[in-house]
Amino acid sequence: MKEKVIAIVNQKGGVAKTTTTLNLGAELAKAGEKVLLVDFDPQSSLTIALGQFDENISSIADLMQLEIEDKELLDKEDIMIDIYGMDLLPGSIVLASTELFLINATCREQILKTVLAKYKKYYDYILVDCGPSLGMLTINALTAADSVIIPVEAEYLSAKGMELLLRSVAMTKRKLNPGLKIDGILITRVDKRNNLSRKIIQMVRDAYESLNIFESQIPERIAVGKSLSKHELVAGFEKNSDAAIAYKKLAQEVLAK
Ligand SMILES: Nc1ncnc2c1ncn2[C@@H]1O[C@H](COP(=O)(O)OP(=O)(O)O)[C@@H](O)[C@H]1O
Ligand SMILES: [Mg+2]
């Protein structure tokens, strides 16, 4: 097993973090990789999108709490949900209060890293779908990760938020996780007819020369949104749609890393 942990991060909501986690995961699984999706957003959109949301099942929030209290974690079989050829570590709204417990925890930035250490050996890729904040949960994700993928809409690339995000990544790398890499920026929800997008992408390429921008860009397509709300994967929804092909290409770029 490759045991690679990739955090899908951007403090802005609606930039397709969850869509990317789901579809990149599905494409990696189709390529024969063992994939775990971690729903690390209190809003639990990933778990909901997969039709698995249930307040009565064990979730990542339980594992975080057990680790904070230094108790034994659950066995893989007792928490992971097998779905579309992947495993899902479900999310929970309780994660919002986990964030408060973290503040006084010993090694508070390392809790997710320690949790994932128990399950890593079963997987090639663990994708962590982060919530829309740069709080303690996201710092935990950045500390647990080998690398980061930043989905972003072209329109927001040049915005202040990007600077803030890159600074958080750099700070985590410096202080907590020296091996942390940025796999790249993924441009999502691209409207090819929109000239603005193209101009901004060029601007960003110039501004952040050292930063990889994935060749594959995800087009804005109704089917992507619909497939999520219908609890289906893009890839399964419209097999040969350009959005599905874009996610397949992204998976190839990730595999080539
Ligand atoms: N390529 C796309 N084309 C159309 N709609 C998209 C696309 N990617 C994401 N969406 C929609 O945008 C919304 C936000 O996406 P989501 O993945 O939940 O973002 P985030 O996790 O960053 O908040 C969802 O309704 C989703 O279905
Ligand atoms: Mg999300």
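Is Glu27 buried or exposed? With a relative accessibility of 5%, Glu27 counts as buried; here buried means under 20% relative accessible area, exposed over 50% and partly exposed in between, using a 1.4 Å probe and protein chains only.

1. Ground rules. This is a predicted model, so to speak of a local feature we need pLDDT of at least 70, side-chain atom pairs count only at pLDDT 80 or more, and totals for chains, interfaces and linings use all residues. Residues are numbered from 1 along each chain as its sequence is written, chains are lettered from A and ligands numbered from 1 in the order in which they are written, and side-chain values use heavy atoms, leaving out hydrogens and water.

2. Overall build. The protein chain has 12 helices and seven strands (DSSP runs numbered from the N terminus: H or I of at least four residues for helices, E of at least two for strands). Its C-alpha atoms fill a box of roughly 55 × 40 × 30 Å along the principal axes. Of the 257 residues, 52% count as buried.

3. Helix H1. H1 is mostly covered, with 13 of its 14 residues buried. Gly32 follows H1 and has a positive phi, near 95°.

4. Salt bridges around Glu27. The whole structure has eight salt bridges (a side-chain nitrogen of Lys or Arg within 4 Å of a carboxyl oxygen of Asp or Glu). Lys30 pairs with Glu27, their closest N and O atoms being 3.2 Å apart. Both lie in H1, three residues apart, about one turn of the helix. Lys30 is partly exposed at 49%. Shared partners join Glu27, Lys30 and Lys248 into one network.

5. Two other bridges. Glu33 meets Lys2 at 3.0 Å, N to O. Glu33 sits in the loop between H1 and strand S2 (35–40) and Lys2 in the segment before strand S1 (4–8), so this pair ties together parts 31 residues apart in sequence. Glu33 is buried at 13%, while Lys2 is partly exposed at 42%. Lys76 and Asp87 also meet, at 3.9 Å, N to O.

6. Cysteines. Don't look for disulfides: a search of the whole structure finds zero (the cut-off is a pair of cysteine sulfur atoms within 2.5 Å). For Cys130, the closest cysteine sulfur is in Cys107, 20 Å away, which is too far for a bond. Cys130 is buried, at 2%.
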